[in-house]
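Here are my notes on the model, point by point. Please read them with the structure open.

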Amino acid sequence: MTKRDLPAQSIVELRDLLRRREISPGEALQALQERINAVDPAIGAYLVQDFATAMAEAEKADVSLPLGGIPIAIKDLINVEGQQCTCASKILRGYHAPYSATVIEKLRGHGAIPFGRMNMDEFAMGSSTENSSAQVTRNPWDLSRVPGGSSGGSAAAVAADIAFGALGTDTGGSIRQPAALSGIVGFKPSYGRVSRFGLVAFASSLDQIGSLTKTVHDSTLLMNAIAGHDSHDSTSLNAPVPDYSKNLGRDLKGIRIGLPKEYMIEGVDPAVKSAVMAAVKQLGELGAEMVEVSLPHTDYAISVYYILATAEASANLARFDGVRYGHRAENVSGLFDHYARTRAEGFGAEVKRRIILGTYVLSSGYYDAYYLRAQKVRELIRQDFARAFEKVEALVSPTSPSPAFKLGEKTTDPLQMYLADIFTNAANLAGICGISVPCGFAESENGKKLPIGLQLLGKALDEARIFQIAHAYEQSTDWHKARPAIEAIAA
Amino acid sequence: MASELDVAYVAQLARLQLTIEETELFQKQLGHVLKYAEKLKEVNVEGVEAAAHAVPMFNVFRADEPCDWFAADEALSNAPRQANNLFIVTKVVE
């Protein structure tokens, strides 16, 4: 293997090279930086990288630790002390984190090096990364298409071999959907499994930090690092953290996997449907028992999600008042003008749209009809999953109804963009865990391969089982080994 | 329900200045979203508890003990305007 091949390694492969002292953490970081310089101008995944700081960490890295010396890319809404944290928003341009999120402390405790700030939809609001105020991120498989979102920078970087692994956040699918569209593995933990301390809040009852990686095994290593109770986050669960790598390699005999009949809907791309059905067959051949189940309130999940998520966002984003941090309007004529213009100048269109919707559904006279009703339907959705998980250990579906769409294709129609979350956002409403793994390709009209993702959902705190199933499936296929042909760009 | 949304009024509540173009665009786009959300009216929610969280959450207390946190200069490190170790605010009382 040459130094040029280094960035293509998985976290597990890199770990083994580091442990055998075949390369040093500094060499790995250097090789990564060189490939970023060559490839990222075409992709646009990184907002910034602080190479000097990362190199200083690499030089004293302890490679005996589980992630010793391995650079991990960070979505630009997780605070790393001293680094920018803008949420890809103009309102936080120039903001530098005065402290580190718990997940960053935990990653460092396992030896990893947080490296790079990854592009995203502004405040994680979006499904294509087109709502970034900073730059466009392109899908490495077809540069005319979106990488998905909101963790699009994290996903595109891992897919393009310009990150070994990344942290993202998933509020309604923002890890799983970009992982699917970019052809990598994306994992959303159960609500409360990972501390949100130091994460800029979008919708606090739905947000979870998770991983974007090349393989399921890599994902378990990141989860081993970041999972666990944190007294700084009152919603963090005080439950023991198992070794998530432990079940890998076990077969699927005796495991029941549910096919929700409500997910067999019109409007799913035929290539997605056939790839997912082939994956279902494969899971059966691996020993799993496939069972039809029902999630009767599926059709209401998107409505519930966009009412609750925007309501929570409108409250969370009230903190951006131009006083303590962030952008502040000049020459204001009074307090109201100060707030209204600071926020008008700082927020982008989608964020404004969601603040308006969220404020409306919480406002006097409409609270009961929208917000309270949505919370009740959320409870029914949660009960649907609880009943399904009495019969099965996991549920299977497409991650996204279509492969990556074209840049600009859905930006003028927010409702169409919201409907792209149909298979993912119920998991956030129910607080359960989920993963997207590569399960095939569609072909675009210009002959490009477009990745398809298989979603597996598991009950709350049953992460280890979902990793076991996802790993068994992954290892029985070659989909995760495919890489986009971006060498032409890099050359 | 959807026709009752008055974007200009809600923008005032949200302390968010919108242009006329934004107001008209959001009125139309959010009208579509609210119309889609009307299907929630079909659901029988009688006797259903509202779920604020997916997992039952109760008050969580920690020991009420002082601990190290930001010093003034750290807390002020991102302030757009500051003086004498204080944030400068826009005049609140006339």
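**Notes on the predicted model**

1. A:Ile74 sits opposite A:Arg117, a residue of strand 3 of chain A. Please keep in mind that this is a predicted model. The two strands concerned, strand 2 (residues 71-75) and strand 3 (residues 113-118) of chain A, run parallel and are joined by four bridges.

2. The sheet of chain A is open and has eleven strands. Their order is 1-3-2-4-6-5-10-11-9-7-8, with mixed pairing. Strand 1 (46-48) and strand 8 (289-293) of chain A stand at the edges. Each has a single partner strand, so one side of each lacks a neighbour in the sheet. From one strand to the next, the twist averages 35°.

3. Chain B has three helices and two strands. Along the sequence the pattern is α-α-α-β-β.

4. The C-alpha trace of chain B spans about 55 × 45 × 25 Å along its principal axes. Of the 94 residues of chain B, 16% count as buried.

5. How many residues of chain A are in contact with chain B? The count is 55, in contact with 45 residues of chain B. On the chain A side, helices that each supply at least two residues include helix 9 (301-316), helix 10 (335-346) and helix 12 (367-391). Helix 12 of chain A gives the most, with eleven residues. By class, the side of chain A that touches chain B has 28 nonpolar, 15 polar and twelve charged residues.

Definitions and conventions:
Residues numbered from 1 in each chain as written. Chains lettered and ligands numbered in written order. Predicted model: local features only at pLDDT ≥ 70, side-chain atom pairs only at ≥ 80, totals over all residues. Buried ≥ 20, exposed ≤ 12 C-beta atoms within 10 Å, placed from the backbone. Contact = placed C-beta atoms within 7 Å. Nonpolar A, V, L, I, M, F, W, Y, C, P; charged D, E, K, R; others polar. Pairing = 2+ DSSP bridges. Axes fitted to C-alpha atoms, helices over the stretch in contact; angles between N-to-C directions.
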